[in-house]
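Good morning, and thank you for coming.

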Amino acid sequence: MEFGYFMPLIYITRKIPDVGLTMLREKGFELDISPKDRPLTKHEMVKALKKKPYDGVLCLLTDTIDGEVFDAAPSAKIFANYAVGFNNITIDEAKKRGITITNTPGALTEAVAEHTIALMLSLVRRIPEGETYVRKGKFKGWGPELFLGEELSGKTLGILGAGRIGGRVAEIAGKGLGMAVIYYDIKQSEELERTTGAVFRATPDTVLREADVVSIHVPLLPTTTHLLNAARLRLMKKTAYLINTSRGAVIDEAALVEALKDGMIRAAALDVFENEPKLAEGLTELSNVVLTPHTASATRAARDGMAVLAAENLIAFFAGQTPLNIVS
């Protein structure tokens, strides 16, 4: 056994891909996996964690991990989050208790970036509208003005949040689609500018005013909650498209519905929602919005990669090493 007589006991809040589970078992970990293929309620999680003296927890982005949950598992010294973001975890409470928090960045960069581009093309070429039109038997033949869309080449893409995913979207859009790229981030990136030709803008408002397509890639923080509110949506061009594959609450969803209804912007594509799985009233009734069910990272490679990273973080921690993807 990797850890001598000590076999770390880990609670896993929902089954993840087998590759990560196999890694842990081969290292001598004991795993208790929730049998429910859905997010646990707070009551269910607390009840489950109190059953045994768990040494660690592998949790998902759909789990709310706060002081009450930490107190239910006082022996657990690490919570390995199966996600890039960690807004589902109360970091301050973890710090108070000396609990290590890890995440899984990098593994899903390509998947989310590609999904963003797919949403972008779906919007400007009106693919979902056309597909529905054909399925309903309305297609009677080619027409010179049937479902006219836009070409992305020569358009300006505005990136809000130029981390791994935002940077990769900038690269694909700039080099592959011939778009001009501008970006806002809390820190200017010379590397991004050198590799993609992206141009920095000092405020998100400037990006919103100039861009033909806006793509959001910021983490959910108090400072980014409702980053796009009614006032900022009014800054965008009436011909602009908005895409969000980050976190739902960075957009005021009710305000977005009104903006789409009123023609304030042309269209939007959302993979994430402010109050998942609930959607803002009226959102599904709009024809100028594309909706996907939080599947931007849903590729086998990405989800397996996340499982590997989560397992590696746990293995390193219990081997007395600093996990590679430590948050706090």
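The structure on the screen is a predicted model. With which residue does the side chain of Lys 237 meet in a salt bridge? The partner is Asp 212, and the distance from N to O is 2.9 Å. This pair links distant parts of the chain, 25 residues apart. Lys 237 sits in the loop between helix H10 (230-233) and S10, while Asp 212 sits in the loop between helix H9 (204-210) and strand S9 (213-216). Is Asp 212 buried or exposed? The relative accessibility of Asp 212 is 15%, and since buried means under 20%, Asp 212 counts as buried.

How many salt bridges does the model hold? The count comes to 20.

I shall describe two others. Asp 71 forms a salt bridge with Arg 97, where the closest N and O atoms are 3.0 Å apart. Asp 71 belongs to helix H3 (residues 67-72), and Arg 97 to the loop between helix H4 (91-96) and strand S5 (100-102), so this pair ties together parts that are 26 residues apart in sequence. Asp 71 counts as partly exposed because its relative accessibility is 47%. Arg 97 is also classed as partly exposed, at 27%.

Lys 96 forms a salt bridge with Glu 93, with the closest N and O atoms 3.3 Å apart. Here both residues lie in helix H4, three residues apart, which is about one turn of the helix. Lys 96 has a relative accessibility of 66% and therefore counts as exposed, whereas Glu 93, with 22%, is partly exposed.

I now turn to the sheets, beginning with the one of five strands. This is an open sheet with parallel pairing, and the order of its strands is S2-S1-S3-S4-S5. Which strands stand at the edges? They are strand S2 (30-33) and S5; each has a single partner strand, so one side of each is left without a neighbour in the sheet. From one strand to the next, the twist averages 20 degrees.

Within this sheet, strand S1 (residues 9-12) runs parallel to S2 and is joined to S2 by four bridges. One of the details to look for is Ile 12, whose bridge partner in S2 is Ile 33. Helix H1 (residues 18-26) packs on the sheet and touches S1 and S2. The direction of helix H1 makes about 145 degrees with that of S2.

The next sheet is open as well, and has seven strands. Their order is S8-S7-S6-S9-S10-S11-S12, and the pairing is parallel. Its edge strands are strand S8 (199-200) and strand S12 (289-291), each of which pairs on one side only.

Strand S6 (residues 156-160) and strand S7 (residues 180-184) pair in the parallel sense over five bridges. There, Thr 156 has Ala 180 in S7 as its bridge partner. Helix H7 (residues 164-177) packs on the sheet and touches S6 and S7, with its direction at about 175 degrees to that of S6.

The other pair is S10 and S11, which are joined in the parallel sense by four bridges. Asn 244 stands opposite Leu 270 in S11. In a regular strand, the side chains alternate between the two faces of the sheet. In S11, Ala 267 and Ala 269 point one way, Ala 268 and Leu 270 point the other way, and all are buried. Helix H11 (residues 253-261) lies across strand S10 (241-244), strand S11 (267-270) and S12, and runs at about 145 degrees to S11.

I close with the surface. Which residues make a nonpolar surface patch of about 260 Å²? They are Val 134, Phe 139 and Leu 146. Of these, Val 134 is placed in helix H6 (residues 127-135). With a relative accessibility of 49%, Val 134 counts as partly exposed.

Conventions: Residues numbered from 1 in each chain as written. Predicted model: local features only at pLDDT ≥ 70, side-chain atom pairs only at ≥ 80, totals over all residues. Heavy atoms only, no water. Patch = residues over 30% accessible without salt bridge, like charges linked within 9 Å, V, L, I, M, F, W, Y side chains within 5 Å. Areas by Shrake-Rupley, 256 points an atom, 1.4 Å probe, with all protein chains shown as cover. Salt bridge = Lys/Arg side-chain N within 4 Å of Asp/Glu carboxyl O. Helix = DSSP H or I, 4+ residues; strand = E, 2+ residues; numbered from the N terminus. Buried < 20%, exposed > 50% of the residue type's maximum accessible area, 1.4 Å probe, protein only. Pairing = 2+ DSSP bridges. Contact = heavy atoms within 4.5 Å. Axes fitted to C-alpha atoms, helices over the stretch in contact; angles between N-to-C directions.
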